[in-house]
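Keep the 3D view open and follow along.

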Amino acid sequence: MQLGLVIHSYWQRWRGKYASETRPPFVDAIQVMEHCKTLGVNGLQIMVDKWTDEFAGKVRDAREKLGIALEGSITMPGDEEEVPHFEATLARAKEAGATTFRTILGGRRYELFERNAEFLAFKESAVRSLQLAAPVAERMGVRIGVENHKDFHAVELVEMLVKLGSPAIGACIDTGNNIALLEEPMHVIETLAPYAVTVHLKDMAVQPHKEGFLLSEVPLGEGILDLQGIIDILQGASPTASIHLEMITRDPLLIGCLTPKYWATFPDKPAAELAMALASVNHFAAPTLPTIFDKTKDEALDMEEQHIVASLQYAAAHLGKE
């Protein structure tokens, strides 16, 4: 299987978060597309919010020359005053060749909010953003996938999409994120698959922790996810959805599900979900997880590239086979 690439796979190298002479930073989409070509990657999903008309034209020319499919990562309008900028951003990206977009509405709810009332207020504003964006996307003939970004349960996101009822707004399915919300991965895929516009394919590894568990992206095939099963469900439910590798090399995330703060926005979550999640963590516990805090910049950048290349090789060899 050939995969596209999500720019967040270059978590460290993108725009010089980590810079070195051997792996110089990528400063714009054109440089990333050129690198994608050397990897045999046929698509790129990247932020488009700050593009100018001139740069969008340069991206279009480079994309056509390289044969790279393009998707945009875009910020939704927060109010009516932001709608014109949102529309102009879509127009520039569409001129460059993007008709599919990914967006997020929020982040890790268990870290961001102290009380459930705060989360509910955020949810209300997120719904409003969708309502503002939908008619613009419909008019422009583009589709936007809303990522399950450790903010909404799969069912919560589906309820929002169904209530919105727009053919232009669907899901960007991240195959690993909702483990942080104690959801079983295949349940998340099955729930969101009919609404998939685009996909972040990743594999995950876990370790027990006194406050809950640690969660890490790992190269495809080295984690706990049934990747071929995920592909089969996605292609059966939404065969036109694009699939992009998101291999983020970073320190493990702490999912503090044994702390009071974690539960502030989950007043109705069954205790059985916690028990099942922790049982799964114990069963699938990895002996080690990737870390970068103990690496030099060059070592971290090398690890990032190695993880991406290993994932692409695994996908080509093992995924999408009949």
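A cavity here is a set of points, on a 1 Å grid over the protein atoms alone, where a 1.4 Å probe fits but cannot get out; a pocket is an open set with protein on both sides within 12 Å along at least five of seven lines, and lining residues have an atom within 4 Å of a point. Grid points are joined across faces, edges and corners, and a volume is the space filled by probe spheres set on the points. One thing to keep in mind is that this is a predicted model, in which local features need pLDDT of at least 70 and side-chain atom pairs count only at pLDDT 80 or more, while totals for chains, interfaces and linings use all residues. Residues are numbered from 1 along each chain as its sequence is written, and side-chain values use heavy atoms, with hydrogens and water left out.

Searching the whole structure turns up 1 cavity of 30 Å³ or more, and the largest cavity holds about 30 Å³ of space. Its lining includes Asp-174, Asn-177, Glu-183, Glu-184 and Val-188. Sorted by type, that lining has 3 nonpolar, 4 polar and 3 charged residues. For that sorting, Ala, Val, Leu, Ile, Met, Phe, Trp, Tyr, Cys and Pro are nonpolar, Asp, Glu, Lys and Arg are charged, and the others, Gly among them, are polar.

Two or more lining residues come from each of α5 (116-140), α7 (185-192) and α9 (271-284). Which element gives the most to this lining? That would be α9, with 6 residues. (Helices are DSSP runs of H or I with at least four residues, strands are runs of E with at least two, and both are numbered from the N terminus.) By type, the lining of the largest pocket has 18 nonpolar, 5 polar and 9 charged residues.

The second largest pocket has a volume of about 490 Å³. It is lined by 24 residues, with His-8, Met-47, Arg-102, Ile-104 and His-149 closest to its centre. Here the lining divides into 7 nonpolar, 6 polar and 11 charged residues.

Go back to Leu-182 for its backbone. This residue sits in the loop between β6 and α7, and its phi is near 70°, a positive value in a residue other than glycine. Leu-182 counts as buried, at 6% relative accessibility; buried means under 20% relative accessible area, exposed over 50%, and partly exposed in between (1.4 Å probe, protein chains only). Lys-150, in the loop between β5 (143-147) and α6, is not a glycine and has a positive phi of about 60°. Lys-150 is buried as well, with a relative accessible area of 6%.

On to the charges. Side chains of opposite charge can pair when their charged atoms come close. Count a salt bridge whenever a side-chain nitrogen of Lys or Arg is within 4 Å of a carboxyl oxygen of Asp or Glu, and you get 19 salt bridges. One of them joins Lys-58 to Glu-54, with the closest N and O atoms 3.7 Å apart. Both residues lie in helix α2 (residues 53-66), 4 residues apart, about one turn of the helix. Lys-58 is partly exposed at 44% relative accessibility, while Glu-54 is exposed at 57%.

Arg-109 and Glu-156 also form a salt bridge, and their closest N and O atoms are 2.9 Å apart. Arg-109 is in helix α4 (residues 109-112) and Glu-156 in helix α6 (residues 154-164), so this pair ties together parts that are 47 residues apart in sequence. Both Arg-109 and Glu-156 are buried.

Lys-202 lies in the loop between β7 (196-201) and β8 (203-209) and Asp-174 in strand β6 (residues 169-174), so the pair ties together parts that are 28 residues apart in sequence. Shared partners join Asp-174, Lys-202, Glu-217, Glu-246 and Arg-250 into one network of salt bridges.
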